[in-house]
Amino acid sequence: MRESHRRVLWIVFTINAVMFFVEGSAGLIAHSISLLADALDMLGDALVYGFSLFVLARSAHWQAVAALVKGGFMLALGLGVLGTAIYKVFHPVMPDIETMGIVGVLALLANLVCFFLLYRSRGYNLNMSSSWLCSRNDLIANVGVLLAASSIYLLASRWPDIIVGALISGVFLRSALNVLQQSLQALRAQGSPPVARTGKVRHW
């Protein structure tokens, strides 16, 4: 089971690292806050999966610590995206919807692969559960990017991009707080993660 998880984590780590560069470059070229937000999410997830690989063969205490670090990354990304969205309110630039659409679809397909790879292992322990949660958030962000691109086209307005960027940050912040809460509970239990031996894990 551990080797299976290791293979899955390496695959999703590679996908997210590559897509960070693709979406980040596209976001800068297209002046899209929602694409940049999704690219930052990809970077955060690549770091998250890297931590997951590091603690895969370690104790429950280390897995709880890794989940705490993941929650911290998610919180920082959410605040960063929210700050960028506020900046765009006062520095208006119309995004390139064609680039947003093409890259948004590519990112959605990449994250669907990650989501289904992690889905079967989401209830195994806190480490895999928090990794799956990051993948789920990616899908929400991807759909948001595509909705923003469609809305910009229909309304000829930059506001959908800003609004979606702010909403994506809200998803990050909510998930981050939940991951941090569960990780702290696990650490207080002296290394026993909040995962029952029945395999049940809370998902947010």
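**Close-up views of a predicted model**

View 1. With a relative accessibility of 56%, over the 50% cut-off, Phe 116 counts as exposed. This is a predicted model, so every value in these legends is computed from it. Phe 115, in contrast, is buried, because its relative accessible area is 14%, and the cut-off for buried is under 20%.

**View 2. Aromatic pairs in the structure.** There are three aromatic pairs to look for. One of them joins Trp 10 and Phe 13: with ring centres 5.8 Å apart and planes at 90 degrees, the pair is edge-to-face. Both residues belong to helix H1 (residues 2-30), where they are three residues apart, about one turn of the helix. Residues three or four places apart in an α-helix point the same way, because there are 3.6 residues a turn. Trp 10 is partly exposed, at 46% relative accessibility, and Phe 13 is also partly exposed, at 27%. Phe 115 and Phe 116 make another edge-to-face pair, with 5.4 Å between centres and 85 degrees between planes.

View 3. At the start of H4, the backbone nitrogen of Glu 98 has a side-chain oxygen of Asp 96 within 3.1 Å. Buried residues of H4 include Met 100, Gly 104, Ala 107, Leu 108, Cys 114 and Leu 118.

View 4. Is Asn 111 buried or exposed? At 0% relative accessibility, Asn 111 counts as buried. Setting aside neighbours within four places in sequence, you will find Asn 111 in contact with Asn 16, Met 42, Ser 135, Asp 138, Leu 139 and Asn 142.

**View 5. Arg 158 and Trp 159.** Here the charged end of Arg 158 sits over the Trp 159 ring, 4.8 Å from the ring centre.

**View 6. Ile 162 and its contacts.** Ile 162 is part of helix H6 (residues 159-188). Its relative accessibility is 7%, so Ile 162 counts as buried. Which residues does Ile 162 contact, leaving aside neighbours within four places in sequence? They are Ile 33, Ala 85, Lys 88 and Val 89. Take a look at Ser 32 as well: Ser 32 and Ile 162 are 130 residues apart in sequence, and their C-alpha atoms are 8.4 Å apart in space.

Key: Residues numbered from 1 in each chain as written. Predicted model: local features only at pLDDT ≥ 70, side-chain atom pairs only at ≥ 80, totals over all residues. Heavy atoms only, no water. Buried < 20%, exposed > 50% of the residue type's maximum accessible area, 1.4 Å probe, protein only. Helix = DSSP H or I, 4+ residues; strand = E, 2+ residues; numbered from the N terminus. Polar contact = N/O pair within 3.5 Å; in protein donor to acceptor, adjacent residues only side chain to side chain. Phe/Tyr/Trp six-rings, centres within 6.5 Å; stacked < 30°, edge-to-face > 60°. Lys NZ or Arg CZ within 6 Å of the ring centre and 35° of its normal. Contact = heavy atoms within 4.5 Å.
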